[in-house]
Amino acid sequence: EDAAKNAALVAKAGVPVFVSTPDLLQWVPEATWCPVVVDPARWRVAAATKRSPNIPVVAHAPSHKWLKGTDLIEPMLRRLAEEGVIEYRRIIGVPHASMPAFYEDADIVLDQFVLGIYGVAACEAMAAGRLVMSHVDAATRAQVRERTGLELPVHEATVESLETELRLAAADPGAFEALRTAGPAFVESVHDGRRSAAALAPFLGLSA
């Protein structure tokens with residue numbers, strides 16, 4: 001009901017509309033994408049740290065458990081940890097200022113497995129040069145590709161496929177190296193604020 005009300009408001013408002021995540025362009029096609037912004041400089045220390053542990057450290061920060069799908073994946077993560085395939089770290093109650101340090105000590109960051117989108121958390125992990133596994137649907141990836149000319153460097157994984165992907169990453173740490181190293185450059189290009197400024201400039205009567 002809330003979504004329907006919001007869509008109706010957008011339709012009748014007659015004003016410029018901005019969306020912060022590209023998935024919303026499916027529902028509001030006339031909107032302008034104003035990408036979420038992260039500060040790449042905050043994550044560069046983590047990005048410069050390439051870990052090579054025997055067991056990959058897998059981090060997950062369930063800010064909203066039901067949105068992230070935490071309850072759907074955590075039993076499997078704990079089982080893999082018990083088997084010695086991964087080391088699982090659930091990040092809870094950590095101040096945002098401390099997150100770069102947590103990512104510096106991680107190899108794989110799990111974002112969300114329900115909505116099929118990506119947002120600030122995935123961008124921060126990519127900026128930190130970590131392999132991000134998450135469910136991002138084909139329509140959202142296509143919007144990114146169409147509007148930026150870049151592929152979203154998030155490895156596709158669903159609730160059903162995540163275990164297989166984690167086992168592959170644990171068995172062959174170099175399997176996803178190209179994807180991992182593409183993350184910082186992608187964030188610099190799309191989410192450092194320049195594209196957002198360009199999106200807002202015409203509305204504000206400014207030059208980007």
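1. A crossing of two helices is called left-handed if the near helix is turned anticlockwise from the far one by less than a right angle, and right-handed if clockwise. In this sense α4 passes α8 in a right-handed crossing, where helices (H or I, at least four residues) and strands (E, at least two) are DSSP runs numbered from the N terminus.

2. On the basis of the model: it is predicted, so that local features need pLDDT of at least 70 and side-chain atom pairs count only at pLDDT 80 or more, while totals for chains, interfaces and linings use all residues. Residues are numbered from 1 along each chain as its sequence is written, and side-chain values use heavy atoms, with hydrogens and water left out.

3. On the geometry of the pair: the axes of α4 (residues 70–83) and α8 (residues 162–171) come within 10 Å and cross at roughly 30°, the axes being lines fitted to C-alpha atoms, for helices over the stretch in contact, with angles that run from 0 to 180 degrees between N-to-C directions. The two helices are therefore roughly parallel to each other, given that angles under 35 degrees count as roughly parallel, over 145 as roughly antiparallel, 65 to 115 as roughly perpendicular and the rest as oblique.

4. On the residues that meet: α4 contributes Ile73, Met76, Leu77, Arg79, Leu80 and Glu83, and α8 contributes Leu162, Glu163, Leu166 and Arg167, contact meaning heavy atoms within 4.5 Å. By class, this contact has 6 nonpolar, no polar and 4 charged residues, where Ala, Val, Leu, Ile, Met, Phe, Trp, Tyr, Cys and Pro count as nonpolar, Asp, Glu, Lys and Arg as charged, and the others, Gly among them, as polar.

5. On threonine 70, which also belongs to α4: at 0% relative accessibility this residue counts as buried, a term that means under 20% relative accessible area, with exposed over 50% and partly exposed in between (1.4 Å probe, protein chains only). Apart from neighbours within four places in sequence, threonine 70 is in contact with His60, Pro62, Lys65 and Arg90.

6. On valine 190, in helix α9 (residues 177–190): this residue is likewise buried, at 0% relative accessibility. Its C-alpha atom is separated by 9.8 Å from that of valine 38, 152 residues apart along the chain.

7. On the cysteines: a search of the whole structure finds 0 disulfides, a disulfide being a pair of cysteine sulfur atoms within 2.5 Å. The sulfur of cysteine 34 is 13 Å from the closest cysteine sulfur, in cysteine 123, too far for a bond.
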